[in-house]
Amino acid sequence: MFELLFLGTSASAPSIHRGLSAHLVIARDYRFLIDCGEGTQRQILRSGVGFKRLNRILITHSHLDHILGLAGLLSTLVRWESLDELEIYGSRWALDRVQDLIYRVVFRNERLPIPIHLVDVQEGVFFETRDFTVSAFPVTHRGAGCLGYIFQEKARRPFLVERAEALGVPFGPERAKLVRGESITLADGRVVQPDDVLGSEVRGARYVHTGDVGRTDDIVEYVRGAHALVTEATYLSADAELAQQFGHMTAAGAAQLAAEAGVQTLILTHLSRRSRERDVLAEAQAIFPNTYVARDFDRFSINKERGVTKLVSEQVDSRAALESADESEPLELLDDSPLEL
Ligand SMILES: [Zn+2]
Ligand SMILES: [Zn+2]
């Protein structure tokens, strides 16, 4: 199971109600921050999730609305929080800019209190535990080295307790061995094979995050079969030309991708200040009904059996304010697209 916490859902520049791109993926004991737009540090504080174990940061691409928050967050994390080291993952192009930000601005002429590893990510799996993998795939946006990320739980064969009991397999290490795929010999000399007590394989939860993306035909296969797809909807169809010009997607384009790739649930983020949330939602849902538009502090769980569930936010007060504000939120008719540098 994975859990998502959105910390920033605005494109290019923050709005009154939305911070810049950042969200947290929680996978068992691991936490991954994906992107770190300006203001992420305060969003983490407001979310109540805390800084503990926040030692892996994945960067989708080098645009400032996705990395500027690293400056503030890192200066706090390495001085005040009990981390032993920090890993920042991204393409070489993204890491070049991150390196300048860290070593030429934040920690200029200083020794780092803890090691910060910049991990140059190539396409494919770059992080693996017993239970899940994280892999990267190339996306077309603006500039080189833009990446999407896939969190994939490993497939499992369930242990069939009744069958094990019928065969007389005792509790304890014998059962663990069978789960690991090894045969065992019982006290009476009978041999039990893993196939005798394991059911057929059940695929694990799959979560795909595209980051900013301007083209979808080359990513359909990476997205295919996701329980949850988080992608951008910077524009509405009325502004499809601008979307194309700046390498972004429309809400309709995102919905078509979700439909074509057979995903279960679509979650849209990276909204322009030009767009109203309800218009983005309506445009996407006309094509792909099971769509959410994420707001800051929204949480979702992704489970292989139950699919995607929106969790009740702990930020009751700010959500109430946000919800009433959204109804009357005026369109900010700013052409903010070129600001994404
Ligand atoms: Zn962006
Ligand atoms: Zn971008």
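**Figure 1. Helices H10 and H11 pack against each other in this predicted model.** Helix H10 covers residues 251-260, and helix H11 covers residues 277-285. Their axes lie 8 Å apart and meet at an angle of about 35°. Axes are lines fitted to C-alpha atoms, for helices over the stretch in contact; angles run from 0 to 180 degrees between N-to-C directions. Helices (H or I, at least four residues) and strands (E, at least two) are DSSP runs, numbered from the N terminus. The crossing of H10 and H11 is right-handed. A crossing is right-handed if the near helix is turned clockwise from the far one by less than a right angle, and left-handed if anticlockwise. H10 brings Ala251, Ala252, Ala254 and Ala255 to the contact, and H11 brings Val280, Glu283 and Ala284. Two residues are in contact if their C-beta atoms, placed from the backbone, lie within 7 Å. By class, this contact of H10 with H11 has six nonpolar residues, no polar ones and one charged. Ala, Val, Leu, Ile, Met, Phe, Trp, Tyr, Cys and Pro count as nonpolar; Asp, Glu, Lys and Arg count as charged; the others, Gly among them, count as polar. Residues are numbered from 1 along each chain as its sequence is written, while chains are lettered from A and ligands numbered from 1 in the order in which they are written. Because the model is predicted, local features need pLDDT of at least 70, side-chain atom pairs count only at pLDDT 80 or more, and totals for chains, interfaces and linings use all residues.

**Figure 2. Seven strands form an open sheet.** The order is S7-S8-S9-S12-S13-S14-S15, and the pairing is mixed. Two strands pair if DSSP finds at least two bridges between them. S7 and strand S15 (291-293) are the edges; each has a single partner strand, so one side of each has no neighbour in the sheet. From one strand to the next, the twist averages 20°. Strand S14 (residues 265-269) and S15 run parallel, joined by three bridges. Ile267 has Tyr292 in S15 as its bridge partner. H10 packs on this sheet and touches strand S13 (228-232), S14 and S15. The direction of H10 makes about 155° with that of S14. H11 packs on the sheet too, touching S14 and S15, and its direction makes about 165° with that of S15.

**Figure 3. Gly124 sits in the edge strand S7.** Strand S7 covers residues 124-128. Is Gly124 buried or exposed? Gly124 counts as exposed, because it has 10 C-beta neighbours inside 10 Å. A residue is buried if 20 or more other C-beta atoms lie within 10 Å of its own, exposed if 12 or fewer, and partly exposed in between; C-beta atoms are placed from the backbone. Neighbours within four places in sequence aside, Gly124 is in contact with Ser135 and Ala136.

**Figure 4. Eight strands form another open sheet.** Here the order is S6-S5-S4-S3-S2-S1-S16-S17, with mixed pairing. Strand S6 (116-120) and strand S17 (307-311) stand at the edges. Each has a single partner strand, so one side of each lacks a neighbour in the sheet. The twist averages 20° from one strand to the next. Strand S3 (residues 30-34) and strand S4 (residues 56-58) pair in the parallel sense over two bridges. Ile34 stands opposite Leu58 in S4. Helix H1 (residues 40-47) lies across S1 and strand S2 (22-27), running at about 125° to S1.

**Figure 5. Phe6 is buried in the model.** Phe6 belongs to strand S1 (residues 2-8). Phe6 is buried because 25 other C-beta atoms lie within 10 Å.

**Figure 6. Ser12 and Arg28 have positive phi values.** Most residues other than glycine have a negative phi. Ser12 is not a glycine, yet its phi is about 65°. Ser12 is found in the loop between S1 and S2. Ser12 is buried, with 27 other C-beta atoms within 10 Å. Arg28 lies in the loop between S2 and S3, and its phi is near 55°. Arg28 counts as partly exposed, with 13 C-beta neighbours inside 10 Å.
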